[in-house]
Amino acid sequence: MNSKIAYAADYRGVKLDIPAFSPDMEAVNAELGRLARRNAHWTEGRPAAGGDIAECRLESALPRFSKERARIVIGSGMFDERIESALTGRAAGDSFELSLDGEAVRVSVLAVKNRVIPEPDDAMAAALGIEGVHTLADYSARVIQSQRSEACDGAVRELFSRLRGELIEKSGFLLRKEDWKRRVELELGYCRVLALQEGLELEKMTPEQFVGRIPVKSYYELVAMLQDESWDKLCDELFGRYYAESDGFRPSGEGYEKLLDDYSQEWHLPVERARAAISFDYYSMNAWCEHAYSIWTAYIQEQYHLIND
């Protein structure tokens, strides 16, 4: 590596417009409603309504509507919406007739099972067996915390590219063409191996073969894309090396073996084939980038929580 970072802009000096978090109480209440529905029970005695089960005898010349005992969930649309609608408000012992698909259908209601959804309570929350959740308030707080985490992840995704772009723009680099070319060649080599694993030759892939694999239509578009991306990624690599001077990070054999293990499991390949696909140089090149990314991501998360916790 002959490229160098002449001076690095401080990521702590980048102004971030951190969005304020506001819990979605409608979603919280919907989650409490799901908790209550998990604890529903059945009773009898009321006319049929949405969610109830009507057990019926159906008589018709149509085979579909000729059943000795059919269990019909009102409002589910799983049997026949016309019959389900007609069953609403009916009670055990009721009979009625419909004309469906040109034929008469006689429906006799044998029984109605009413679904009872209780109010959510602490016992329901505790029964979930979630660590730290003993009451309904605990469960609501957990749902809100999950929302906050999702909002934080969204903020990181949105602000990361802005921070990265500003750092590259405000820093000084001495970039060497051979280092940029090395990145392009390593990325192309990786893409070539991926193609071979699917029985394809990268240089001869058709636009249709690229669909769902790489967002280009030809090998030449792929080369152009990698050439463009590799310039900024070379800067990212230099940032990672720069931060490592202070924190001691180094791409390691252990990290490389873990990547190979993950790759072999994802592609269902022996580790040695994964090793042939991913060189240590390829891993190391990207590990430096990931080191910078992890520092920037942690900073955005820290700033988010300072505003919203």
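# A walk through the helices

Start with helices α4 and α7, which are roughly perpendicular to each other (a label for angles of 65 to 115 degrees; under 35 is roughly parallel, over 145 roughly antiparallel, the rest oblique). Helices here are DSSP runs of H or I with at least four residues, strands are runs of E with at least two, and both are numbered from the N terminus. Before you click further: this is a predicted model, where local features need pLDDT of at least 70 and side-chain atom pairs count only at pLDDT 80 or more, while totals for chains, interfaces and linings use all residues. Residues are numbered from 1 along each chain as its sequence is written, and side-chain values use heavy atoms, with hydrogens and water left out.

**Stop 1: α4 against α7.** Select residues 136-170 for α4 and 219-247 for α7. Their axes come within 11 Å and cross at roughly 85°; axes are lines fitted to C-alpha atoms, for helices over the stretch in contact, and angles run from 0 to 180 degrees between N-to-C directions. On the α4 side, show Arg164, Leu167 and Ile168; on the α7 side, Asp232, Lys233, Cys235, Asp236, Phe239 and Tyr243 make the contact (heavy atoms within 4.5 Å). That contact has five nonpolar, no polar and four charged residues. For those classes, Ala, Val, Leu, Ile, Met, Phe, Trp, Tyr, Cys and Pro count as nonpolar, Asp, Glu, Lys and Arg as charged, and the others, Gly among them, as polar.

**Stop 2: α7 against α10.** Among the contact residues are Phe239, Gly240 and Tyr243 of α7, and Trp288, Ala292 and Trp296 of α10. The class count here is 10 nonpolar, two polar and five charged residues.

**Stop 3: Asp236.** Is aspartate 236 buried or exposed? At 0% relative accessibility, this α7 residue counts as buried (under 20% relative accessible area; exposed is over 50%, partly exposed in between, with a 1.4 Å probe and protein chains only). Leaving aside neighbours within four places in sequence, aspartate 236 is in contact with Arg164 and Ile168, and also with Trp288, Cys289, Ala292, Tyr293 and Trp296.

**Stop 4: the largest nonpolar core.** Next, pick Tyr11, Leu16, Leu163, Leu167, Phe239, Tyr243 and Trp296, the residues with the most contacts inside a 38-residue core. Such a core is a set of buried Ala, Val, Leu, Ile, Met, Phe, Trp, Tyr and Cys residues joined through side-chain atoms within 4.5 Å. Which helix gives the most to this core? α4 does, with 12 residues. Now centre on leucine 167: not counting residues up to four places away in sequence, its partners are Ala9, Asp10, Tyr11, Val14, Phe239, Tyr243 and Trp296.

**Stop 5: Arg157.** Go back to α4 and select arginine 157. Its relative accessible area is 61%, so arginine 157 is exposed. Draw a C-alpha to C-alpha distance to methionine 1 and you get 30 Å, for a sequence separation of 156 residues.

**Last stop: zoom out.** Along its principal axes, the C-alpha trace spans about 90 × 50 × 35 Å.
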